[in-house]
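Let's take a friendly walk through this protein together. Please have the sequence and the 3D view open as you read.

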Amino acid sequence: MITPSEPADGRPDPRLSAITGERRQLINLAYRLLGSLSEAEDAVQETYARWLTLAPQQQRAIERPGAWLTRVTGRICLDVLNSARARRETYVGDWIPEPLPAPAEWSGDRAGGITVDPADRVTLDESIGMAFLVVLESMTPAERVAFVLHDVFRYPFAEVAEIVGRTPAACRQLASSARRRVRHPRPPSRPTDRQAAVVRDFKEAWEAQDIDALVALLDPEVRATGDGGGLATTVRRRFEGAVQLAHGLVALTGRTAGLTLLERTVNGQPGLVAQQDGAVVTVYAFGVEDDRITHIWAVRNPEKLRPWTAGRPAGRSADGAGAQRSP
């Protein structure tokens with residue numbers, strides 16, 4: 001990780017503390033903008049690298065270093081979003097934002113045995129739910145940046161304009177257009193006990209292979225989306241409706257030996273983690289409305305499961321061959 005160097009005399013530099021103290025805020029912003037922790041980390045690294053290229057007198061001339069860092073991070077993320085559209089056209093299968101565990105459940109190590117920096121842990125709130133992040137994916141890059149900066153982080157449009165490169169009035173229009181894509185208000189920051197109970201009942205019904213119980217918990221028009229990224233397999237056909245999905249889930253457990261389901265917090269909401277022979281192979285996030293599951297997001301791409309695994313080489317499927325299928 002790139003960090004500014006301390007003064008040669010060894011005395012604490014208050015400006016250094018101000019700069020390094022912004023890291024978590026920048027990670028939080030970049031993750032919400034990009035939907036990928038690895039890309040967020042890269043964006044923040046690039047931001048600090050650009051700060052370090054400034055001459056000392058240039059750094060001293062910046063009255064609000066935090067605002068400068070935010071502006072640079074926002075611009076980098078906007079560039080990434082613009083290029084991501086082309087990259088995702090070649091992505092194998094559906095692309096789902098990278099799921100994050102609760103801080104207490106975060107793996108103690110990353111790939112290669114590097115200890116996770118607490119500053120890299122994203123604050124889990126209502127703007128981090130999987131359903132909300134998926135909605136953000138439907139926005140144009142400019143809409144997403146304007147909306148997240150203003151509506152989520154409460155930056156004034158004058159500052160948003162400096163990042164997006166448009167007038168404040170244009171940024172206001174971008175945020176307004178983005179809001180129209182959000183069908184429902186954001187869910188409460190703390191999930192209800194009932195949400196957790198629905199996911200728990202779903203887990204128990206799935207383990208019992210009780211199709212009737214599963215159907216009762218699923219919305220009639222439930223959708224399931226799987227993300228393997230070409231590194232782990234997912235089902236090739238889309239399940240349509242509760243009955244098909246329930247049968248598909250039961251069939252999955254029937255042909256998968258050693259599969260264990262654990263209740264976990266996924267992006268601040270009740271979710272499940274599937275382990276096979278003790279290794280995390282899938283993270284499930286849920287959309288729940290009126291006590292029924294409306295959407296299931298199954299993330300199997302091992303590159304998106306780093307925070308859920310300890311000491312596992314990056315780029316390799318947690319099940320070794322990635323042969324397991326998942327809805």
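This is a predicted model: local features need pLDDT of at least 70, side-chain atom pairs count only at pLDDT 80 or more; totals for chains, interfaces and linings use all residues.

## A walk through the sheet and its helices

S3 and strand S4 (residues 279-289) pair in the antiparallel sense, with five bridges between them. The two strands make a hairpin that leaves two residues between them, and aspartate 277 in this turn has a positive phi of about 55°.

Now turn to the other partner of S3. Strand S2 (residues 259-266) runs antiparallel to S3 and is joined to it by eight bridges. Here you can find threonine 265 opposite proline 270 in S3. S2 and S3 also form a hairpin with two residues between them, and in its turn asparagine 267 has a positive phi of about 55°.

Is S3 largely enclosed or open to the outside? Seven of the eight residues of strand S3 (residues 269-276) are buried, so the rest of the structure largely encloses this strand. Buried here stands for under 20% relative accessible area.

Step back and look at the whole sheet. Its five strands follow the order S1-S5-S4-S3-S2, and the sheet is open, with mixed pairing. At its edges are strand S1 (218-227) and S2, each of which pairs on one side only. From one strand to the next, the twist averages 25°. As a reminder, strands of a sheet pair through backbone hydrogen bonds, either parallel or antiparallel.

Which helices lie across these strands? Helix H10 (residues 193-207) lies across S1, S2, S3, S4 and strand S5 (292-299), and runs at about 25° to S3. Helix H12 (residues 241-254) lies across S1, S2, S4 and S5, at about 50° to S1.

Our last stop is an earlier part of the chain. Helix H3 (residues 37-53) has 17 residues and reaches 24 Å from its first C-alpha to its last, close to the 24 Å expected at 1.5 Å a residue. Its buried residues are Leu37, Ala40, Glu41, Ala43, Val44, Thr47, Tyr48 and Trp51. Seen down the axis of H3, these buried residues fall within an arc of 160°, so they line one face of the helix. The general rule behind such patterns is that an α-helix has 3.6 residues a turn, so residues three or four places apart point the same way. On the face of H3 turned away from its buried side, you will find the exposed residues Asp42 and Thr53.

Conventions. Residues are numbered from 1 along each chain as its sequence is written. Side-chain values use heavy atoms; hydrogens and water are left out. Buried means under 20% relative accessible area, exposed over 50%, partly exposed in between (1.4 Å probe, protein chains only). Helices (H or I, at least four residues) and strands (E, at least two) are DSSP runs, numbered from the N terminus. Two strands pair if DSSP finds at least two bridges between them. The expected span of a helix is 1.5 Å times one less than its number of residues. The arc is that of the directions from the helix axis to the C-beta atoms. Axes are lines fitted to C-alpha atoms, for helices over the stretch in contact, and angles run from 0 to 180 degrees between N-to-C directions. Contact means heavy atoms within 4.5 Å.
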